[in-house]
Amino acid sequence: MKASKQTAVKAALGLALASALPAFAQSSVTMSGVVDAGLLSMSNYSKGVGYLPTKAHEGSDVRAKDGGLGSSHFGFKGTEDLGGGLRANFDVRGNLNVFNGTTGGPNSSTTNSFFNQMATVGLSGDFGDVKLGRQFSPVAWAMMHTDVRGMRYFGSTLTALVGMNAASSSWIGNNSNSAYGTIYNDNTVRYTTPTWANLTFDFAYSFGEGGGKANSQQSVTALYTANGLKLSALYYNGYGNNYGTAVALYTAANKGDAAAGQRAAQAAGFSPTANTNRLYQVGALYNWGTYTVGGQYFMARNPDHVYMPGGSDSLDMWNIGVGWKPVPKINLTAAYYQTNDNRNAGHKSTQFVVGGEYLLSKRTWLYLQGAAVTNKGDNMALSPMYATPVAAGKNVHAFMAGVRHNF
């Protein structure tokens with residue numbers, strides 16, 4: 001009898017475990033990331049503070065550089081099936097510098113976050129997808145969708161956007177809350193619709209920490225994909241984006257007197273509720289067979305016209321590019337980007353970029369890319385390399401070779 005009881009207990013436990021297995025199988029957590037590093041040769045490096053335009057520069061140099069195509073990063077994401085088509089999701093990702101081992105990066109408030117790229121939780125289902133937390137701005141999705149260079153860290157619509165922010169003279173680069181648009185948003189609720197007639201919409205609202213509209217940001221993005229054609233459209237609006245930088249700059253000008261710096265910034269019109277950040281974008285990309293062609297147009301505006309001396313409250317950027325894959329393992333791209341300053345006549349930046357990538361496998365790429373940049377004007381400091389400021393008003397030549405591995 002004793003043996004039979006043990007057998008019955010084991011059988012019951014086995015049945016219980018078997019019935020629980022499907023529930024466990026409906027949940028998953030995965031770790032993934034990218035390691036991307038190479039050597040960068042550039043003819044002009046800024047000796048100033050961050051992205052603030054300055055003529056102080058260093059000559060040509062070759063440097064180890066993390067992130068040639070995109071940032072090295074790692075993170076975790078997971079999903080749980082809640083039944084009825086409803087899922088709970090989370091995603092946390094942070095930068096990783098291959099050459100010095102540091103992690104994370106700046107957030108919107110000038111401090112560093114370990115998971116600086118993404119820290120979200122949300123729900124998805126037939127209604128679409130809702131995410132809460134720090135996340136990629138819809139600006140980034142619009143840029144990637146129709147840029148032939150795919151928003152790479154070297155010579156792309158991303159570096160052109162950074163150049164527009166440098167031209168504002170109101171962004172140091174020590175925070176992700178830039179002057180025009182932004183790639184990351186803190187305190188954000190984002191809703192992505194289901195795809196209808198090949199069209200997907202993103203709506204995002206970022207809450208400021210000052211209450212009401214202070215430091216808040218709003219955006220709407222529309223992305224279309226069908227039969228090799230991609231279209232993108234973006235509206236982005238923000239309040240108080242330049243306030244912290246303006247206070248810091250006026251404080252420095254007043255020999256470190258923070259109170260005087262704040263008074264000077266406010267007297268110039270800067271505040272947490274000043275409408276200083278607006279960005280519009282339209283783009284198109286078409287792929288047929290081994291060929292791709294695309295172009296984009298951006299309008300960066302400062303509706304309240306509150307900007308630092310020498311900066312700009314109105315800039316336009318456009319680009320056009322082509323791509324060719326002669327064989328599946330090789331990807332070749334070339335693109336031209338131009339930024340015009342509407343406030344300061346004759347001030348403009350251009351960059352011409354070529355790049356080639358060879359896929360050793362689905363996860364490992366070798367790449368070689370080069371760029372020629374012109375900067376005309378004391379506030380024009382477009383760099384072909386993300387997170388590598390250059391001196392204003394000087395031309396730049398750059399080359400980078402590296403390897404990228406996804407895991």
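Colleague: Where does Lys-255 lie?
Modeller: Lys-255 sits in the loop between α4 (243-253) and α5 (258-267). Helices here are DSSP runs of H or I with at least four residues, strands are runs of E with at least two, and both are numbered from the N terminus. This is a predicted model, in which local features need pLDDT of at least 70 and side-chain atom pairs count only at pLDDT 80 or more, while totals for chains, interfaces and linings use all residues. Residues are numbered from 1 along each chain as its sequence is written, and side-chain values use heavy atoms, leaving out hydrogens and water.

Colleague: Is Lys-255 buried or exposed?
Modeller: Lys-255 is exposed, with a relative accessible area of 82%. Buried means under 20%, exposed over 50%, and partly exposed in between, using a 1.4 Å probe and protein chains only.

Colleague: What is phi of Lys-255?
Modeller: Phi is near 55 degrees, a positive value in a residue other than glycine.

Colleague: And where does Ala-197 lie?
Modeller: Ala-197 belongs to the loop between β11 (184-192) and β12 (199-206). Although Ala-197 is not a glycine, its phi is positive, at about 50 degrees. Ala-197 is exposed, with a relative accessible area of 68%.

Colleague: Turning to Asn-165, which helix is it found in?
Modeller: Asn-165 is part of helix α3 (residues 157-167), and Asn-165 is buried, with a relative accessible area of 2%.

Colleague: Which residues is Asn-165 in contact with, leaving aside neighbours within four places in sequence?
Modeller: They are Trp-171, Ser-178, Ala-179 and Tyr-180, where contact means heavy atoms within 4.5 Å.

Colleague: What does the side chain of Asn-165 reach?
Modeller: That side chain reaches the backbone nitrogen of Tyr-180 at 2.6 Å.

How values were computed: Polar contact = N/O pair within 3.5 Å; in protein donor to acceptor, adjacent residues only side chain to side chain.
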